[in-house]
Amino acid sequence: VQLQASGGGLVQPGGSLRLSCAASGRIFSINAMGWYRQAPGKQRELVAAITGGGDTNYADSVKGRFTISRDYAKNTVHLQMNSLKAEDTAIYYCNANLRTGWASSVDNYWGQGTQVTVSS
């Protein structure tokens with residue numbers, strides 16, 4: 001299983017970016033998908049997640065600015081980030097909670113991370 005993230009980059013404060021992550025490989029079913037981030041010197045934290053049923057969860061710091069969505073047919077998750085702030089600067093990691101077979105356990109998989117830098 002691979003998670004391929006894309007869409008990071010450099011943006012000015014107040015700007016927008018859209019991250020995407022596609023899961024591929026031996027996938028039987030995907031429960032939740034989400035985005036985490038890790039800033040220098042800080043622990044990795046949840047940014048946003050979306051369940052198989054479409055329920056979403058956001059970190060308080062991004063509520064009202066970020067929107068997570070999912071393309072179930074393409075095993076893809078997106079994160080639309082608006083009104084970006086300097087404190088959003090971090091490496092963003094895609095995460096998927098999935099099964100590789102009907103009898104397999106549910107395991108966590110991570111993408112390679114994509115850098116988001118918010119600076120003027």
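Which residue does a disulfide join to Cys21? Keep that in mind as you start the tour, and remember that the model in your viewer is predicted.

**Stop 1: the disulfide.** Select Cys21 and Cys94: a disulfide joins them, with an S to S distance of 2.1 Å. Turn the view to look along the S-S bond: the angle about the bond is -85°, and the link of Cys21 and Cys94 is left-handed.

**Stop 2: the strands on either side.** Now colour residues 17-24, which form strand 3 and hold Cys21, and residues 90-99, which form strand 9 and hold Cys94; the pair therefore ties together parts that are 73 residues apart in sequence. Are these cysteines buried or exposed? Cys21 has 0% relative accessibility, so it counts as buried. Cys94 also counts as buried, because its relative accessibility is 0%.

**Stop 3: the nonpolar core.** Next, select Trp35, Leu79, Met81 and Tyr92. These are the residues with the most contacts inside the largest nonpolar core, which has 30 residues. Several strands give two or more residues to this core, among them strand 1 (2-6), strand 4 (29-38), strand 5 (45-50) and strand 11 (114-118). Strand 9 supplies the largest share, 5 residues.

**Stop 4: around Leu79.** Finally, centre the view on Leu79 and show what surrounds it. Leaving aside neighbours within four places in sequence, Leu79 is in contact with residues including Leu17, Leu19, Val47, Phe66 and Ile68. Trp35 and Tyr92, which you selected at the previous stop, are also in contact with Leu79.

Key. Residues are numbered from 1 along each chain as its sequence is written. This is a predicted model: local features need pLDDT of at least 70, side-chain atom pairs count only at pLDDT 80 or more; totals for chains, interfaces and linings use all residues. Side-chain values use heavy atoms; hydrogens and water are left out. A disulfide is a pair of cysteine sulfur atoms within 2.5 Å. Helices (H or I, at least four residues) and strands (E, at least two) are DSSP runs, numbered from the N terminus. Buried means under 20% relative accessible area, exposed over 50%, partly exposed in between (1.4 Å probe, protein chains only). A nonpolar core is a set of buried Ala, Val, Leu, Ile, Met, Phe, Trp, Tyr and Cys residues joined through side-chain atoms within 4.5 Å. Contact means heavy atoms within 4.5 Å.
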